[in-house]
Amino acid sequence: MVAAPKPLAVNLFSVRRQLIDDFEGTHARLADMGYLGVEPMIFGDIPLSALPEDMRVAFPSPGEYRAFLDDLGLTTASLHAPLPEAENASFVLDFAEALGTQQLVLASFMMLPDAANAHEDAAVLDRAIERFGRAAELADERGIALGFHNHHFEWLVDLKGRSAWDYFWDEVDPRVHAEVDVYWAQTAKRDPVQVLTSLGERARRIHLKDGPCVLGEPQVALGAGCVDLEACIHAAPFTDWHIVELDECATDMFDALEKSLDFLVSRGLSIARTD
């Protein structure tokens with residue numbers, strides 16, 4: 001099946017350092033490149049001072065941020081946030097609703113209080129799966145879907161004959177969607193095409209990055225590494241957005257993001273602004 005082109009966004013973790021230096025200018029530069037959306041990240045009740053220095057991005061109120069994005073012609077493709085549960089639930093769901101996105105994503109088990117090691121302990125993973133179910137129900141009541149984003153480590157440990165990745169998707173509430181990071185899947189020695197195909201309609205977002213697929217090595221502009229990005233995109237026909245994310249880049253980040261957009265758009269894989 002050949003996937004239709006989807007709108008193109010940037011996960012803002014890619015430009016976290018640039019956002020700290022120039023929040024407005026960084027967004028404007030992404031819009032000028034032709035990106036149609038962004039995927040921001042919020043941390044709930046975790047104070048910025050508790051985060052690594054290069055992640056201390058201060059976002060305005062959701063209403064102010066939505067107006068700022070609207071002025072630039074940018075859409076919130078999805079939102080990386082804590083699970084909407086307990087005291088965080090209203091804050092997270094209100095933030096997502098104000099930004100106009102219908103997709104929340106938990107970036108990692110490491111962002112899950114009391115379950116950061118869910119990828120290596122079946123009992124902890126079982127509890128995390130229960131929490132995802134409750135959170136998905138709360139989000140669904142607001143017309144928002146809940147998603148989960150992978151790294152490489154979900155495939156490293158055998159849990160009752162399954163990897164944590166397979167265990168999670170076998171057991172979690174069917175309302176939970178996947179945001180598949182194809183680079184980390186391949187770094188874990190998995191075929192990202194197979195990972196996407198096996199999820200079918202649950203794969204609603206795709207993180208596109210490229211590089212050597214070696215832990216500790218920086219990533220590169222899309223098309224300059226070893227990931228078959230075109231095959232990955234065609235294996236994910238149910239995605240709503242294509243999202244570029246480069247955690248660390250071997251070259252200038254803005255240059256890599258512009259080359260990545262050009263790579264995808266020139267091949268008819270993704271949609272960007274043309275004016």
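Modeller: Let us take helix 2, whose buried residues are covered by elements including strand 1 (6-11), helix 1 (16-21), strand 2 (37-39), helix 3 (62-72) and helix 10 (253-266). Please keep in mind throughout that this is a predicted model. Helix 2 itself runs over residues 23-33, and its buried residues are Phe 23, Thr 26, His 27, Leu 30, Ala 31 and Met 33. Seen down the axis of helix 2, these buried residues fall within an arc of 160 degrees, so they line one face of the helix. On the other side of helix 2, Glu 24 and Asp 32 are exposed, and the helix is followed by Gly 34, which has a positive phi, near 120 degrees.

The largest nonpolar core has 91 residues, of which Phe 132, Phe 168 and Leu 257 touch the most other members. Helix 5 (residues 122-141) gives the most to this core, with nine residues, while a second, separate core of five residues includes Ala 9, Leu 36, Ala 77 and Trp 241. Within helix 5, the buried residues include Leu 125, Ile 129 and Phe 132, and if its neighbours within four places in sequence are left aside, Phe 132 is in contact with residues including Leu 83, Phe 109, Phe 148 and Phe 168. At the start of helix 5, a side-chain oxygen of Asp 121 comes to within 3.0 Å of the backbone nitrogen of Ala 123, and just after this helix Gly 143 has a positive phi of about 75 degrees.

Definitions and conventions
Residues are numbered from 1 along each chain as its sequence is written. This is a predicted model: local features need pLDDT of at least 70, side-chain atom pairs count only at pLDDT 80 or more; totals for chains, interfaces and linings use all residues. Side-chain values use heavy atoms; hydrogens and water are left out. A nonpolar core is a set of buried Ala, Val, Leu, Ile, Met, Phe, Trp, Tyr and Cys residues joined through side-chain atoms within 4.5 Å. Buried means under 20% relative accessible area, exposed over 50%, partly exposed in between (1.4 Å probe, protein chains only). Helices (H or I, at least four residues) and strands (E, at least two) are DSSP runs, numbered from the N terminus. Contact means heavy atoms within 4.5 Å. The arc is that of the directions from the helix axis to the C-beta atoms. A polar contact is a pair of N or O atoms within 3.5 Å; within protein, one must be able to donate a hydrogen and the other to accept it, and residues adjacent in sequence count only if both atoms are side-chain atoms.
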